[in-house]
Amino acid sequence: MDLQAIRARTQVVKTLRQILEEMGFEEVVPTVMSSAIPTEPTIFPFVTSWDREQQKDDRFLATSPEAYLKRAMAAGGGDCFAIGSVFRNMEGAGRWHQPEFLMAEWYKRDSDWGKMMEVTQQVVLQLVDKFQAPSTKHQISSKFKIQNSKRNWETLSWVELWREYVGVDLLTLMSDGAMNDWAKGQGYQVEGASWEQLFNQGNLNLIEPRLPKTPYFLVDFPARISPLCKAQGDEPKLAERFELVIDGVELGNGNSELFDEGRVREMMEGEISLRKETGEPVSGIDQEFLEALGKLSVQQWAGVGLGVDRLAAMIAGVSVAEVQGVGRGEGLE
Amino acid sequence: MSTVKGGNITKNSYIIYKGAPHRVTAANFTSPGKGSAFMRCKLKNVVTGNVAEFTFKSNESVEEADVTKMELQFLYADTAEVVFMDERTYNQVSVPRDLVEDKLGFLTPETRVNVLFYNDNPIGVLLPPNVVLKVTEAHEAVAGNRVNAPKKPVTLETGIEVQVPLFIKTGDHVSVDTDSGEYLARVN
């Protein structure tokens, strides 16, 4: 265990908490285990079981603090944040990812994705400025990259990136058939591939190698792969969603919140029945979460989730496994 | 035809990419969207040597290339072919010279290399990471040349030239990196 690396993570947590409190966000401490959690396509929970005499019930480890925070918001809370351990099943490990990680998530009332991008940038810049790097064995190059970056991070649109680097109008590829045809033309295997996989395969092969190493926000995500995000008013095929990318690594994901209880319920029920067929891990419907959305339906909120371990690993120049103190992890470059 | 899942592609394995056999020189797992995972690969065409990068979906089937290796001894090179021998059976294998031209400078008789076969045809050789070669021509170091460039060129028994430290003399044996062509150490 590299003590300097795990101290980097502790310090990111402390500093983040201080910054968010100073900005007026109230901390809530979420539970890690629940009897039901929200189901989203491509996010898979770890399932455990609560065994008692003659009784056995499924319990689910949190995949994000989102449901807990939204319940607090629905209970009348104001701007709020949580820093919690989350767990993602059916994903590999690597320098930037482990199945367990710390996620900071915060929500702001009367806000939207544009305002949330500004808040996110402020938080990360303040954090990097305040961070007193313990001297790790590696250079803290990303810290300097962030500090030396323009103070106004650029915004890159998926639609424009596809137009420029792929030569295709992404908005015309929103159906399964159109995306399949395009992918076949690229020589990609389409059998058994989802729309999202082909979209990502295109991004990884044709766009990502050309993206800058400096911090930027990716915007104009297809609405069909952004389930809990509001659609854009003037282009409903796109979501009011952004990702923060630094040094080629996704650090945060935020959006204007979709509180359409009926639509979210429909999406979750569809995904649950799909997983029951394939035998993939899945929770039952999270009624409390859906009720919370119902109560919030007339309000405007925006939120963002930030990968705390990734940010700490980036600043300290080590892997996520190292800031977690779990060795060097698998699949490292 | 055997296949491998994209997520299980490993470094140094051989796959078919765009219809041609490629060696995987790097394979890194990545999951950009939640749950949708990919394998980012660096590939080297084993026939042309051209390099490419491609990202496979972790659940797609990728055709494995039937590339096999056989450890053989280098015998000689003529203008068209380079000839190797199986030490156990004395069978000889000829590889077209243009496929191994860049490697001849590291081959001395009896050097053991891995000859690569694709669909049973020899397509190239894999050299050991380093080889020991004799210095056949080395000039005395020039005084005054020691401060900024304490290296000098020498010629080795195969005819290639490498930069070595000034203390190397004719008749010495030196270890050379077969990938970069750089001097590694003097060998006694």
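This is a predicted model: local features need pLDDT of at least 70, side-chain atom pairs count only at pLDDT 80 or more; totals for chains, interfaces and linings use all residues.
B:Arg88 counts as exposed because its relative accessibility is 63%, where exposed means over 50% relative accessible area, buried under 20% and partly exposed in between (1.4 Å probe, protein chains only). Residues are numbered from 1 along each chain as its sequence is written, chains are lettered from A and ligands numbered from 1 in the order in which they are written, and side-chain values use heavy atoms, with hydrogens and water left out.

**Salt bridges**

- Over all chains the structure holds 18 salt bridges, each being a side-chain nitrogen of Lys or Arg within 4 Å of a carboxyl oxygen of Asp or Glu.
- B:Arg88 and B:Asp86 meet through their side chains in one of these, at 3.6 Å from N to O.
- A:Arg17 bridges to A:Glu27, with 2.8 Å between the closest N and O atoms.
- A:Arg17 belongs to helix α1 (residues 3-22) of chain A and A:Glu27 to strand β1 (residues 26-27) of chain A, so the pair ties together parts that are ten residues apart in sequence. Helices (H or I, at least four residues) and strands (E, at least two) are DSSP runs, numbered from the N terminus.
- A:Arg17 is partly exposed at 28% relative accessibility, and A:Glu27 is partly exposed with a relative accessible area of 22%.
- A:Lys70 and A:Glu257 form a salt bridge at 2.5 Å, N to O.
- This pair links distant parts of the chain, 187 residues apart: A:Lys70 is in helix α2 (residues 66-74) of chain A, and A:Glu257 is in the loop between β10 (249-256) and α8 (261-278) of chain A.

**Aromatic pairs**

- A pair of aromatic rings is described by the distance of the centres and the angle of the planes.
- Twelve aromatic pairs are found over all chains in a search of the whole structure. Rings of Phe, Tyr and Trp (its six-membered ring) pair if their centres lie within 6.5 Å, and planes under 30 degrees apart count as stacked, over 60 as edge-to-face and the rest as tilted.
- The pair of A:Trp158 and A:Phe199 is edge-to-face because the planes stand at 70°, with the ring centres 5.4 Å apart.
- A:Trp158 in helix α5 (residues 158-166) of chain A and A:Phe199 in helix α7 (residues 195-207) of chain A are 41 residues apart, and the pair links distant parts of the chain.
- A:Trp158 is buried at a relative accessible area of 7%, and A:Phe199 is buried at 1%.
- In chain B, B:Phe54 and B:Phe56 also form an edge-to-face pair, 4.8 Å centre to centre with 70° between the planes; both residues are buried.
- Ring pairs join residues of both chains into a cluster, among them A:Trp158, A:Phe199, A:Phe221, B:Tyr17, B:Phe54 and B:Phe56.

**Charges over rings**

- The charged end of A:Arg52 sits over the ring of A:Trp50, 3.6 Å from its centre. The cut-offs are NZ of Lys or CZ of Arg within 6 Å of the ring centre and within 35 degrees of the ring normal.
- A:Arg241 lies over the face of A:Phe221, 4.1 Å from the ring centre.

**Second largest pocket**

- The second largest pocket holds about 720 Å³ of space. On a 1 Å grid over the protein atoms alone, a pocket is an open set of points with protein on both sides within 12 Å along at least five of seven lines, a cavity is a set where a 1.4 Å probe fits but cannot get out, and lining residues have an atom within 4 Å of a point.
- Its lining has 26 residues, with B:Arg23, B:Lys44, B:Lys103, B:Val125 and B:Leu126 nearest the centre.
- The largest share of this lining, four residues, comes from β11(B).
- The lining divides into 13 nonpolar, six polar and seven charged residues. Ala, Val, Leu, Ile, Met, Phe, Trp, Tyr, Cys and Pro count as nonpolar, Asp, Glu, Lys and Arg as charged, and the others, Gly among them, as polar.

**Cavities**

- There are two cavities of 30 Å³ or more. Grid points are joined across faces, edges and corners, and a volume is the space filled by probe spheres set on the points.
- The largest cavity has a volume of about 50 Å³, and its lining includes A:Ile37, A:Glu40 and A:Arg275.
- The second largest cavity holds about 40 Å³, and its lining has five nonpolar, four polar and no charged residues.
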